[in-house]
Structure formats: C-alpha cells, structure tokens
Amino acid sequence: MGHRLSLAFLPWYMHLNRRLAAQPRQKMVFLTTKMMQRTAVFVTFGGWITSLVTTFLPFWKTMNSDLNEVENWFSGLWLTCLYTEEVGIQCKAYDSLMGLPMDLQISRVLTLISDGVGAMALCVAFPALEGVKMCVSQPSTKRNLLISAGVLTLVSGVTTLIPISIVAYTTVVEFWDEGFPDVMPRWEYGEAMFSGWFGGLGLVIGGILFFVAVCMGDYEQKLTSPQMTPRTKHYLKTEVL
C-alpha cells in the first residue's frame, strides 16, 4: 500500500521540482540604492545639526585659573561666559566685531557658510530620493540633484572642519607660548570643538555616501537596461560571403 502511494506522488513531486528549478533565483540584497540614499540623508542631517549647534555654543574654549578655582571662563564665536558657583553662568556678547581676533572672524564666516550650504544640500537631496514623487519621469534630473547634494554636503563639511582646525591651532600656539607667565591662565579646548569635528566629519561622510548612491543607481540601471545582442557566427559568415 505504501509503495503504491509513493508511486502515485512521484510524478507530482518531479513536476514540482521542475517548476522550482525553472524559477529564477532571487538574490537577497541587503543594501539597495534607496537605502544608501536615505543613509546619506540621515548622516548628513545629523552632521548638519551638530555643526549648527556648535556654531552658537559658547564652549569652543575654556579657561580655569589655579588662583581662582571657583571661576570658569568659556569662549565661543559669539559669546564669552563666566561660570561661578554663587551666580551660575553669565554670558556677554563681544563688544566689537573688528576687535575680534582674526581666527574668530574667519570662523564666524565659514561656520555660517557651512550651515547655509548644509541646509541647501538637504533641500536639494529630498526631491532626488527614490520613493519621493518628484521628478519621477526625469531620472537624469534626480541623478543630477543627488550629485549636487553630494557636492554641497562636502563643501559644508570642509567649511566646518576648517574653522574648528584654525581655532584649535591658535589655541595650541597660545597655550605653549613661552612669552606668557606660567601663573597666567590659558585657554584650552572646549567641548564644542570636539562636537564640531564630529559634525564636520559626519557631513564629509554624508557627501561621500551621496556619490556612492549615485554609482549604485548607475550600476542598477546598467543591469536593468536592454543590452545589444552580439552578432551570431551565422551572420558573420553571411557578411563575409
């Protein structure tokens, strides 16, 4: 009885195997162009927010005197703050723009440019994303927008890293200046400088990811586009005759 049942199901089993073998095997793709585009936007947005917050934080440089340990001074691009245990933190804007050191003037301009260019990059990248119903019938326009977003993001990252590096360099030079007395307090790195480096690096990585997404889209389009069939040997023989 069991032998007869196995013989009855054998044709059905063989037919099922043929159908499964005829179906094309689908490869599991873990990283698609759509995912890469959204990763680039996410990294760019995080770097831009960090850079924007760093621009207005007064903690670029910090100073603590050994003679008066209850006072802590903080300096940023726009404010100078004093923290005491009795009063708390008190901030004051700089009196004159022309009286600022050259490194702070350059850093102000570059950080504002960085924030503006970073916001522009996000606005340009949004309509270029796959799934956004904008410029759907114009894939070349989406591709050009992604390239523009990558360029703007890289510019934003560079204009963030440059002022941070300038202020860091001048802080190191002034800290090791032998002309100042040893008792005199000196400026040191603040927390905002490290957040600025992190934000600028995030913007640079986001710009690179935009270009990676463009390359992935070109590769996928190349695979899905119809290719020219090569001429057969019979056609070549006929052409020679």
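Two strands count as paired here if DSSP finds at least two bridges between them. Keep that in mind for the sheet. One caution as well: this is a predicted model.

Let me walk across from the strand 4 side. Strand 4 covers residues 88-93 and pairs with strand 3 in the antiparallel sense, over six bridges. Next pair: strand 2, residues 71-75, with strand 3, residues 79-84. Again the sense is antiparallel, now over five bridges. A hairpin through three residues joins strand 2 to strand 3.

Look at Cys-81 in strand 3. On one side, Phe-74 stands opposite Cys-81. In strand 4, Cys-81 has Cys-91 as its bridge partner.

Strand 1, residues 61-64, pairs with strand 5 in the antiparallel sense. How many bridges hold that pairing? Two. Thr-62 has its bridge partner in strand 5, and that partner is Glu-188.

Phe-56 lies in helix 2, residues 33-56.

On to the aromatics. The whole structure gives seven aromatic pairs. Take Tyr-189 and Trp-197. Their ring centres are 6.1 Å apart and their planes stand at 80°, so this pair is edge-to-face. Then Phe-194 and Trp-197: centres 5.9 Å apart, planes at 65°, so edge-to-face too. Phe-194 and Trp-197 are three residues apart in helix 5, so about one helical turn separates them. Put together, Tyr-189, Phe-194 and Trp-197 form one aromatic cluster. How accessible are they? Tyr-189 is partly exposed at 32%. Trp-197 is partly exposed at 28%. Phe-194 is partly exposed at 48%.

Next, charges. The structure holds one salt bridge. Arg-143 and Asp-218 form it through their side chains, at 3.0 Å from N to O. The pair links distant parts of the chain, 75 residues apart. Arg-143 sits in helix 4, residues 139-175, and Asp-218 in helix 5, residues 191-224. Arg-143 is partly exposed, with a relative accessible area of 36%. Asp-218 is partly exposed as well, at 27%.

Arg-143 also brings us to the largest pocket. Which residues lie nearest its centre? Glu-130, Pro-139, Arg-143, Gly-217 and Gln-221, out of a lining of 15 residues. The space in this pocket is about 280 Å³. Helix 2, helix 4 and helix 5 each supply at least two lining residues. Helix 5 gives the most, with six. By class, the lining has five nonpolar, five polar and five charged residues.

To close, two things to look at on screen. Start with Cys-81, which has Phe-74 opposite and Cys-91 as its partner in strand 4. Then go to Arg-143, which is in the salt bridge with Asp-218 and among the residues nearest the centre of the largest pocket.

Conventions. Residues are numbered from 1 along each chain as its sequence is written. This is a predicted model: local features need pLDDT of at least 70, side-chain atom pairs count only at pLDDT 80 or more; totals for chains, interfaces and linings use all residues. Side-chain values use heavy atoms; hydrogens and water are left out. Helices (H or I, at least four residues) and strands (E, at least two) are DSSP runs, numbered from the N terminus. A salt bridge is a side-chain nitrogen of Lys or Arg within 4 Å of a carboxyl oxygen of Asp or Glu. Buried means under 20% relative accessible area, exposed over 50%, partly exposed in between (1.4 Å probe, protein chains only). On a 1 Å grid over the protein atoms alone, a cavity is a set of points where a 1.4 Å probe fits but cannot get out, and a pocket is an open set with protein on both sides within 12 Å along at least five of seven lines; lining residues have an atom within 4 Å of a point. Grid points are joined across faces, edges and corners, and a volume is the space filled by probe spheres set on the points. Ala, Val, Leu, Ile, Met, Phe, Trp, Tyr, Cys and Pro count as nonpolar, Asp, Glu, Lys and Arg as charged, and the others, Gly among them, as polar. Rings of Phe, Tyr and Trp (its six-membered ring) pair if their centres lie within 6.5 Å; planes under 30 degrees apart count as stacked, over 60 as edge-to-face and the rest as tilted.
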